[in-house]
Amino acid sequence: MNVFADNPWFKALPPAEAEALLAATTPRHLAAGEFLYQQGDAVNASTGGFFGLVSGLLKLCVLHPDGNEAILTIIEPGNWIGEVAVLEGAPRTNTAIAAIDTDVLVVSPDKFSQLMQRPAFSQAVARLLAMRVRLASGLVGDSVLQSTHERIVRRLVLLAHGDMTESTELRSVISTSQDTLAMMLGISRPTLSKELQVLVKQGAIAVRYGRIEILDMALLQQSAQVSSRKA
């Protein structure tokens with residue numbers, strides 16, 4: 001499938017492993033608002049194990065006991081998720097919900113285990129996990145060491161690369177609402193809006209309804225560096 005061929009992780013799979021992965025899947029359609037899985041779900045044949053996003057968007061979030069929701073990221077087509085819970089044999093630690101009508105490919109836990117017996121595939125999954133750990137570590141470090149302005153700029157840059165996709169190609173339009181971006185960063189909407197307006201005045205971005213356009217990536221990244229020097 002072309003949507004997966006454009007994904008850096010899938011593209012790096014040896015052809016035999018890519019074919020084996022796709023052959024192990026079954027399709028599933030999710031209506032907007034429908035859960036792929038929920039936080040606390042056990043991994044079994046009925047809920048599925050490993051998932052590839054064919055079309056649509058998946059919102060990954062964590063629900064806190066007080067009812068607050070923290071958005072981790074928005075998954076775009078071409079990405080594969082769910083491997084951690086299958087490998088660990090533990091309940092899901094987050095919730096995946098279809099932001100719009102979405103189609104996924106589902107690999108059952110048993111078939112995923114069979115694929116993991118293939119050395120090339122298991123090595124590829126190890127690389128996928130390493131990518132995820134590096135990305136998560138960077139975001140945690142940002143929240144501790146960087147200013148709010150720097151964190152916003154870094155997340156915009158990551159989103160321009162597809163966030164979890166980590167594509168080498170940059171996109172100029174980020175189709176993420178300000179509400180969603182604020183929840184990703186754990187800041188208030190007014191705080192985000194104030195910082196975005198700074199970037200707008202600098203000419204780095206333009207804020208549109210439901211999206212953010214990057215007008216000058218170099219200027220955007222420079223803005224974070226200037227903020228860091230002032231701190």
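Contact, in these legends, means heavy atoms within 4.5 Å. The structure is a predicted model, in which local features need pLDDT of at least 70 and side-chain atom pairs count only at pLDDT 80 or more, whereas totals for chains, interfaces and linings use all residues. Residues are numbered from 1 along each chain as its sequence is written, and side-chain values use heavy atoms, with hydrogens and water left out.

View 1. L181 lies in helix 8 (residues 178–185), where helices (H or I, at least four residues) and strands (E, at least two) are DSSP runs numbered from the N terminus. With a relative accessible area of 1%, L181 is buried, a term that stands for under 20% relative accessible area, while exposed stands for over 50% and partly exposed for what lies in between (1.4 Å probe, protein chains only). Leaving aside neighbours within four places in sequence, L181 is in contact with R155, L156, L159, T176, L192 and I212. The C-alpha atom of L181 is separated by 9.7 Å from that of I74, although the two residues are 107 residues apart along the chain.

**View 2. The packing of helix 7 with helix 9.** Helix 7 (residues 148–160) and helix 9 (residues 189–202) pack with their axes 10 Å apart and at an angle of about 75°, the axes being lines fitted to C-alpha atoms over the stretch in contact, and the angles running from 0 to 180 degrees between N-to-C directions. The two helices, helix 7 and helix 9, are therefore roughly perpendicular to each other, since angles under 35 degrees count as roughly parallel, over 145 as roughly antiparallel, 65 to 115 as roughly perpendicular and the rest as oblique. From helix 7, the residues T148, H149, I152, V153 and L156 meet T191, L192, E195, L196, V198 and L199 of helix 9.

View 3. Strand 11 (residues 211–214) pairs in the antiparallel sense with strand 9 (residues 173–174) over 2 bridges, pairing being assigned if DSSP finds at least two bridges between two strands. I212 in strand 11 is the bridge partner of I174. Strand 10 (residues 205–208) also pairs with strand 11 in the antiparallel sense, over 4 bridges, and R208 stands opposite R211 in strand 11. Strand 10 and strand 11 form a hairpin with 2 residues between them, and G210 in the turn has a positive phi of about 75°.
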